[in-house]
Amino acid sequence: MTDFTQTDFKGTRALFRIPEGVIYLDGNSLGPLPAGVEQRVARTLAEEWGTRLIRGWNDAGWMTQPGRVGDRVARLIGAPPGSVVMGDTLSIKIHQALAAALALNPDRRVILSDTGNFPTDLYMAEGLIATLGQGHRLELVEPEAVEAAIDDHVAVLMLTEVDYRSGRKHDMAVLTARAHAAGALTVWDLAHSAGALPVDLAAAGADFAAGCTYKYLNGGPGAPAFIYVAPRHADAARPALSGWMGHAAPFAFDPSYRPGAGVERMRVGTPPVIALAALDAALDVWDGVDMADIRRQSIALCDLFITEVEARCPELALASPRDGARRGSQVSFRHPQGYAIMRALIDRGVIGDFRAPDILRFGITPLYIGADELRAAVAVLETVLAGRLWDRPDYHRKATVT
Ligand SMILES: Cc1ncc(COP(=O)(O)O)c(C=O)c1O
């Protein structure tokens, strides 16, 4: 594999703590610990919380952290400064984005999504529909049928750009344009896009977007989510979760709600200061990284992985698009014993994950994974399959988290 990138991937690899003997192919689920995070969190604890106590809200900039960190994420997803804010979880941010989008299109009742969307997005839509009680309905079509299903009944097109199971990627620009032509707004879930591939929300004309930061952005377990509101909607978007931190003047303690300026109104409650400090330090990794390089390298590595697996593990069936341009930064394979196989792999230091009913997922993240590691991982996979090493009772027993 030729390395034709400007980004120093050897340098970025050195920025991650990955235990000796582990090949980590699960950065699409939980990114590894970047250098600098531990010290930064220790400093936040000792020098900020420990020393400044409540004065930290002003002196250490805790109150403005959601917008500051939001601007750093914005750079990675093609969003202008001041259009992204951090906080809560992705489920909450999807709820907020969807509620605001529906309110901006009040004469329509259809939320269009696809059967590949992540369940929490669909559950959030169901819950919001029940809460609103205005006769909205959620329509689901196959991912390939989305474009044709966009018509003038659709209020909001709500999609996850990259499918969490297969890695199949929607064309955000095309579908957004199609939605707008039909008078619909868009809500994009970027969980498997942010940090995985170039995203250009502004160029695509997306209305709302949200994503998590514990996957490709390496912010740590439970790291706060982000929400994007297109500047053209920012002062009209109605935050359904009208918390005090999204108020125009939280410390005026008004008895009634007035939305804050722009995307700040999407803040809800007290920001998770320590988690945001960890994420802020984790984002340093991206200084000097070119997203176009990430994409080129990711496609080349994923292609290599597919070629190696298909040559050495014929029992596995590719569950991801073969065309790199139609994939995110993960590769999935199907096998009826996928769960046990993944358990056996993890026991041998190759960490991926499993998604029901039969998908083995491998996240391929050029920041810290290279061709040699992929070849070594496939060798382990081949050994596990050839020797049926997965066929042990403990590997069949499902853990709480798969
Ligand atoms: C596409 C997608 N959306 C939403 C979520 C859930 O987000 P959270 O648990 O942070 O609310 C996930 C979690 O993996 C996801 O992959």
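Here is a short note on some helix contacts, the ligand site and a few backbone details in this structure.

1. Before we start: this is a predicted model, where local features need pLDDT of at least 70, side-chain atom pairs count only at pLDDT 80 or more, and totals for chains, interfaces and linings use all residues. Residues are numbered from 1 along each chain as its sequence is written, and side-chain values use heavy atoms, with hydrogens and water left out.

2. Let's look at H2 and H10. Helices here are DSSP runs (H or I, at least four residues) and strands are E runs of at least two, numbered from the N terminus. H2 covers residues 37–52 and H10 covers residues 273–282; their axes come within 8 Å and cross at roughly 140°. Axes are lines fitted to C-alpha atoms, for helices over the stretch in contact, and angles run from 0 to 180 degrees between N-to-C directions. That makes H2 oblique to H10 (under 35 degrees is roughly parallel, over 145 roughly antiparallel, 65 to 115 roughly perpendicular, and the rest oblique).

3. Who touches whom here? From H2 come Val37, Arg40, Val41, Thr44, Leu45 and Trp49, and from H10 come Val273, Ile274, Ala277, Ala278, Asp280, Ala281 and Ala282; contact means heavy atoms within 4.5 Å. Sorted by class, the contact of H2 with H10 has ten nonpolar, one polar and two charged residues. Nonpolar covers Ala, Val, Leu, Ile, Met, Phe, Trp, Tyr, Cys and Pro, charged covers Asp, Glu, Lys and Arg, and the others, Gly among them, are polar.

4. H10 also packs with H4 (residues 65–76), at an angle of about 25° and with the axes 11 Å apart. That makes H4 roughly parallel to H10. On the H4 side you'll find Gln65, Pro66, Val69 and Arg72, which meet Val273, Leu276, Ala277, Leu279 and Asp280 in H10. The class count for H4 with H10 is six nonpolar, one polar and two charged residues.

5. Next pair: H5 (residues 90–104) and H6 (residues 119–132) have axes that come within 9 Å and cross at roughly 50°. That makes H5 oblique to H6. The contact uses Ser91, Ile92, Ile94, His95, Leu98, Ala99 and Leu102 of H5, plus Thr120, Asp121, Met124, Ala125, Leu128 and Leu132 of H6. In class terms, H5 with H6 has nine nonpolar, three polar and one charged residues.

6. Now the ligand. Around the ligand sit Thr89, Leu90, Ser91, Phe118, Thr120, Asp121, Thr160, Asp189, Ala191, His192, Tyr214 and Lys215, where the cut-off is a heavy atom within 4 Å. The side chain of His192 has an N or O atom 2.8 Å from an oxygen atom of the ligand, and a polar side-chain atom of Lys215 lies 2.8 Å from an oxygen atom of the ligand.

7. Finally, some backbone details to find in the loops. The peptide bond from Ala356 to Pro357 is cis, with omega near 5°, and Pro357 lies in the loop between strand E14 (353–355) and strand E15 (359–363). Leu53 is not a glycine, yet has a positive phi of about 50°; look for Leu53 in the loop between H2 and helix H3 (56–59). Asp88, also not a glycine, has a positive phi of about 60°, and Asp88 lies in the loop between strand E4 (84–86) and H5.

Note on methods:
Polar contact = N/O pair within 3.5 Å; in protein donor to acceptor, adjacent residues only side chain to side chain.
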